[in-house]
Amino acid sequence: MIEARDIVKSFGPHRVLDRVSLTLGQGEVVAVIGPSGSGKSTFLRCLNHLETIDEGSVEVEGETLARAVAGGRSQYAGDADVRRICRKMGMVFQSFNLFPHMTVLQNVVEAPITVKGMARSEIVPKAEELLRKVGLLNKRDNYPGRLSGGQKQRVAIARALAMEPDIMLFDEPTSALDPELTGEVLRTMKQLADERMTMLVVTHEMGFAREVAHRVIFMDEGRIIEESPSADFFRAPQQARSREFLAHML
Ligand SMILES: Nc1ncnc2c1ncn2[C@@H]1O[C@H](COP(=O)(O)OP(=O)(O)O)[C@@H](O)[C@H]1O
Ligand SMILES: [Mg+2]
């Protein structure tokens, strides 16, 4: 579903991603873990063009978002293609990013109507179904300000799903939540994984990485240090840095 090769990304003189590659198969759930500042968010943001890569290539479902040209530099597809390809990926952020002046339902139907041109009559029942799925249909007419953090994040997930992405990218979806609210969000994500959604999840939740993810990618200082099936990774991390990180997290 995603094939990223040798992504290099710098901010000024600082090389934040140093030849990071990823293959993400259909229905696969991959957890990206690693210390703060290791480039996890930047990596996710490079995959859906929230950041522009300097070098390397990204393909999504066989379509080229950016390709490496002579000298290693990356060249992006045309704007219309970039937008279309990026729409295959839904993203959920740590900070929810709901529109505060819109109700829960309006938040969910907004992008399908304005970006995809869907009719209200078509998207509203779909949005209600998604809200039911994340357990929030009874909040459809509430404003985000009235919701708990866990509820807001579940709305954000429903909103991303309303665009019918083939791949979901999560950037620390539970990090802004009180501990007692992380469970409801992780359960929603597990449910998605059980339905065979393809997911790339940056997370500090080692339980989720171990139990739900098929594979773990451990990043440090802009590089992938270790990549293994999650059972192997948690049983016997191979690299000193992964062992140290795990010892600290568990
Ligand atoms: N827009 C930006 N401009 C400059 N530096 C950035 C920017 N975004 C991230 N960085 C830097 O890139 C490095 C990796 O950041 P990030 O991808 O957010 O790491 P992580 O998500 O693993 O905590 C950090 O040193 C961070 O300060
Ligand atoms: Mg981050």
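The structure is a predicted model, in which local features need pLDDT of at least 70 and side-chain atom pairs count only at pLDDT 80 or more, while totals for chains, interfaces and linings use all residues. Residues are numbered from 1 along each chain as its sequence is written, chains are lettered from A and ligands numbered from 1 in the order in which they are written, and side-chain values use heavy atoms, with hydrogens and water left out.

Val 20 belongs to strand S2, residues 14–24; strands (E, at least two residues) and helices (H or I, at least four) are DSSP runs, numbered from the N terminus. Leaving aside residues up to four places away in sequence, Val 20 is in contact (heavy atoms within 4.5 Å) with Ala 4, Arg 5, Asp 6, Ile 7, Phe 43, Met 219, Gly 222, Arg 223 and Ile 224.

## Helix H3 against helix H5

Helix H3 (residues 104–114) and helix H5 (residues 149–162) have axes that come within 8 Å and cross at roughly 25 degrees; these axes are lines fitted to C-alpha atoms, for helices over the stretch in contact, and the angles run from 0 to 180 degrees between N-to-C directions. H3 and H5 are therefore roughly parallel to each other, since that label covers angles under 35 degrees, with over 145 counted as roughly antiparallel, 65 to 115 as roughly perpendicular and the rest as oblique.

## Helix H5 against helix H6

H5 also packs with helix H6 (residues 179–194), at an angle of about 20 degrees and with the axes 8 Å apart. That angle makes H5 roughly parallel to H6, and H5 passes H6 in a right-handed crossing. H5 contributes Gly 149, Gly 150, Gln 151, Gln 153, Arg 154, Ile 157 and Leu 161 to the contact, and H6 contributes Leu 181, Glu 184, Val 185, Thr 188, Met 189 and Leu 192. The residues in this contact of H5 with H6 divide into six nonpolar, five polar and two charged.

## Cysteines without a disulfide

A disulfide is a covalent bond between the sulfur atoms of two cysteines. The structure holds zero disulfides, a disulfide being taken as a pair of cysteine sulfur atoms within 2.5 Å. Cys 46 is in no disulfide, and the nearest cysteine sulfur, that of Cys 86, is 11 Å away. With a relative accessible area of 0%, Cys 46 is buried; Cys 86 is likewise in no disulfide, and Cys 86 is buried at a relative accessible area of 14%.

## Residues in the loops

Lys 88 lies in the loop between helix H2 (79–86) and strand S7 (89–92), and this lysine is buried, with a relative accessible area of 18%. Apart from residues up to four places away in sequence, Lys 88 touches Val 60, Glu 61, Glu 63, Pro 165, Asp 166 and Ile 167. Lys 116, in the loop between H3 and H4, counts as partly exposed at 35% relative accessibility, and with the same exclusion of residues up to four places away it touches Ala 111, Met 163 and Glu 164.

Glu 164 lies in the loop between H5 and strand S8 (167–171) and counts as partly exposed at 44% relative accessibility; phi of Glu 164 is near 55 degrees, a positive value in a residue other than glycine. His 49, in the loop between helix H1 (40–47) and strand S4 (55–60), has a positive phi near 65 degrees, again in a residue other than glycine, and is partly exposed at 29% relative accessibility.

Conventions
Buried < 20%, exposed > 50% of the residue type's maximum accessible area, 1.4 Å probe, protein only. Left-handed = near helix turned anticlockwise from the far one by under 90°. Nonpolar A, V, L, I, M, F, W, Y, C, P; charged D, E, K, R; others polar.
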